[in-house]
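Dear colleague,

Please find the structure below, handed over for your records.

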Amino acid sequence: MLAMWLQSAAGGFGLGNLGGLALPILFFVALYFLMIVPNQRKQKKWQNMLSELKAGDRVTTNGGIKGTIISVKDDVLVLRVQPDGVKLEFAKQAVAAVTTDTPAA
């Protein structure tokens with residue numbers, strides 16, 4: 001229906017075949033705002049989270065390992081993992097989320 005309206009609008013103003021381009025352009029604009037912009041916001045938020053990591057933060061890695069940050073260097077961080085207190089070294093990009101302790105209900 002939108003395509004028919006665009007076709008008639010384009011024909012009414014003498015745009016000829018330019019009306020046929022309106023639908024693909026509208027599709028790409030919608031695609032940009034529905035898919036690309038939210039992904040860019042998510043990526044920016046994740047980069048901001050990585051830049052604010054500090055010793056003592058509890059994090060979860062992409063592999064599901066949870067631990068407490070002992071040290072942060074450039075793009076590497078060392079986690080202490082429970083229950084044995086093993087120290088593991090990860091790339092910063094492996095951090096999926098900073099977890100916060102939730103009080104027991």
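Is Phe 33 buried or exposed? Phe 33 counts as exposed, because its relative accessibility is 53%; here buried means under 20% relative accessible area, exposed over 50%, and partly exposed in between, with a 1.4 Å probe and protein chains only.

Please note that this is a predicted model, in which local features need pLDDT of at least 70 and side-chain atom pairs count only at pLDDT 80 or more, while totals for chains, interfaces and linings use all residues. Residues are numbered from 1 along each chain as its sequence is written, and side-chain values use heavy atoms, with hydrogens and water left out.

Overall architecture

The protein chain has two helices and five strands, arranged along the sequence as α-α-β-β-β-β-β. Helices (H or I, at least four residues) and strands (E, at least two) are DSSP runs, numbered from the N terminus. Of the 105 residues of the protein chain, 20% count as buried. The accessible surface comes to about 8000 Å², and 63% of it belongs to carbon and sulfur atoms; such areas come from the Shrake-Rupley method with a 1.4 Å probe, and for residues only the protein chains shown count as cover.

The nonpolar core

The largest nonpolar core has 10 residues: Met 49, Leu 50, Leu 53, Val 59, Ile 69, Leu 77, Leu 79, Val 81, Phe 90 and Val 95. Such a core is a set of buried Ala, Val, Leu, Ile, Met, Phe, Trp, Tyr and Cys residues joined through side-chain atoms within 4.5 Å. At least two residues of this core come from each of helix H2 (18-51) and strand E3 (76-81), and E3 gives the most, with three. Leaving aside residues up to four places away in sequence, Ile 69 touches Leu 53, Lys 54, Ala 55, Gly 56, Asp 57, Val 59, Leu 77, Val 78 and Leu 79, where contact means heavy atoms within 4.5 Å.

Two of these partners also meet each other: the side chains of Asp 57 and Lys 54 form a salt bridge (3.2 Å, N to O). The structure holds one salt bridge, defined as a side-chain nitrogen of Lys or Arg within 4 Å of a carboxyl oxygen of Asp or Glu. Asp 57 counts as buried, because its relative accessibility is 14%.

Aromatic pairs and the surface patch

There are two aromatic pairs. Rings of Phe, Tyr and Trp (its six-membered ring) pair if their centres lie within 6.5 Å; planes under 30 degrees apart count as stacked, over 60 as edge-to-face and the rest as tilted. Phe 27 and Phe 28 have ring centres 5.5 Å apart and planes at 70 degrees, so this pair is edge-to-face. The pair of Tyr 32 and Phe 33 is edge-to-face because the centres lie 5.2 Å apart and the planes are at 85 degrees.

Tyr 32 and Phe 33 also belong to a nonpolar surface patch with Leu 18, Leu 21, Ile 25, Val 29, Leu 34, Met 35 and Ile 36, which together have about 920 Å² of accessible area. Patches are made of residues with over 30% relative accessible area and no salt bridge, like charges being joined within 9 Å and nonpolar side chains (Val, Leu, Ile, Met, Phe, Trp, Tyr) within 5 Å. Leu 34, found in helix H2, is exposed at a relative accessible area of 66%.

Backbone features

A cis peptide bond joins Gln 82 and Pro 83, with omega about 15 degrees; Pro 83 is found in the loop between E3 and strand E4 (86-91). Asp 74, in the loop between strand E2 (66-73) and E3, has a positive phi near 20 degrees.

With kind regards
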